[in-house]
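Student: Can we go through this one together? I'd like to know what the words really stand for.

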Protein chains: 2
Amino acid sequence: MPSGPVDDTLLVRVSATGPAAAQGTPRERGPDPRSVRTRAAVVEAATTLFLRHGYLGTSVEDIAALAAVSKRTVYNNFQDKERLFTEIVIGVTATAERFADHLLGALSDAPDVPAALGELARRHLAAITAPQVVRLRRLVVSEASRFPDLAREYHRRAPGRVLAALADAFAALHERGELAAPDPVRAAEHFSFLVLGAALDRAMFDPESEPPAAAELERVADDAVRVFLAAYR
Amino acid sequence: MPSGPVDDTLLVRVSATGPAAAQGTPRERGPDPRSVRTRAAVVEAATTLFLRHGYLGTSVEDIAALAAVSKRTVYNNFQDKERLFTEIVIGVTATAERFADHLLGALSDAPDVPAALGELARRHLAAITAPQVVRLRRLVVSEASRFPDLAREYHRRAPGRVLAALADAFAALHERGELAAPDPVRAAEHFSFLVLGAALDRAMFDPESEPPAAAELERVADDAVRVFLAAYR
């Protein structure tokens, strides 16, 4: 499991080594470090501006200026603004996939299920209420009318993937007799939104809100697990 | 309680009779019907365009054209685009306030608490997943960076008001010994997101999604109430 909330660095790292960076580079030498740096600078600048001003409010000119490259460099690396936007959003879902994979392994075999659920709830809540993650969710939701396929894809790969991994884990725990979850998909939804629902909803409507403090995060996670276990244990 | 999901008509009706419509009109005669119609046409056109193209993607010119009035009429009635946007968003929260008020009365005195919770869950889910309501939520979330005060105000008056009313009802039911909810605010969050969380999250990311069909809505509501009662009854 990741050791803490997803941060800016991660957002950038994921896309800077995306498919286009590897294209046309001799395999034995790996990608040219200068072109990787340029690409990373463009992704970082674009991420910052998209998250701050939205898709419409950001121009390739602004991105080039913030990345200190020419507009032509942006186009050479990413084709156009739409392609750049898509790569950034999809790139971030890799984080959710890693989180989901770790989650599944750790939970299904946990010797102490209530303790494992508590730990999972705390990590999940911390990861999802990190300001950068909330901003990205807000951005994708904002652009869902313009990019419906991208928004659906993001949902499938990020929250959807976590839900699917949770459902698999709950199915395994049902088999082991640790939980009574004959409908593991519904159980996953219940667990997830008991933990995240209220905090995430507040955060989506308040761009200046701070993520929950450590003590509050503990309380929210513990309360969610208590309710979940009352119904599913 | 309202008899069904919130619809377009309601969105428009609320703002068309807002403060500006009443201004400068002789009280004994009521508002001039023609100016009420004009105002309603502007609100309806603006609501349609904001929901479809967002705040930045909509111009006063577009609004005037769709409402078949002059730009000057728009400005005379609403000052500017920002003011018009704000009035529409705040106007809609009146719906949530009415829903919250009905909810509180009906639930606190319910003779059969599980049945009342089931009924409430179904109505709440139907209301919140109505396409027009999801679109408005998406719009407010989209514009949260540009209008943080408005987004917070919307959250306080709409989902926040419903949560507060639920918490009051759960406190009363705790007093009556019908529920064991020593922390009624948390209980309200749990109930709300057990019912709405997954469906609302999916809808926010998929502008073309249909609201849950009647049978699915029943199942989601029943499952949520079952989990809630296992923990709080």
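Student: How many residues of chain B are in contact with chain A, and what makes a contact?

Tutor: Two residues are in contact if their C-beta atoms, placed from the backbone, lie within 7 Å. By that rule, 34 residues of chain B are in contact with 34 residues of chain A. Helix α11(B) gives the most to this side of chain B, with 11 residues. Mind you, this is a predicted model: local features need pLDDT of at least 70, side-chain atom pairs count only at pLDDT 80 or more, and totals for chains, interfaces and linings use all residues. Residues are numbered from 1 along each chain as its sequence is written, and chains are lettered from A and ligands numbered from 1 in the order in which they are written.

Student: What makes α7(B) oblique to α12(B)?

Tutor: Their axes, lines fitted to C-alpha atoms over the stretch in contact, come within 9 Å and cross at roughly 135 degrees. Under 35 degrees counts as roughly parallel, over 145 as roughly antiparallel, 65 to 115 as roughly perpendicular and the rest as oblique, so α7(B) is oblique to α12(B).

Conventions: Axes are lines fitted to C-alpha atoms, for helices over the stretch in contact, and angles run from 0 to 180 degrees between N-to-C directions. Helices (H or I, at least four residues) and strands (E, at least two) are DSSP runs, numbered from the N terminus.
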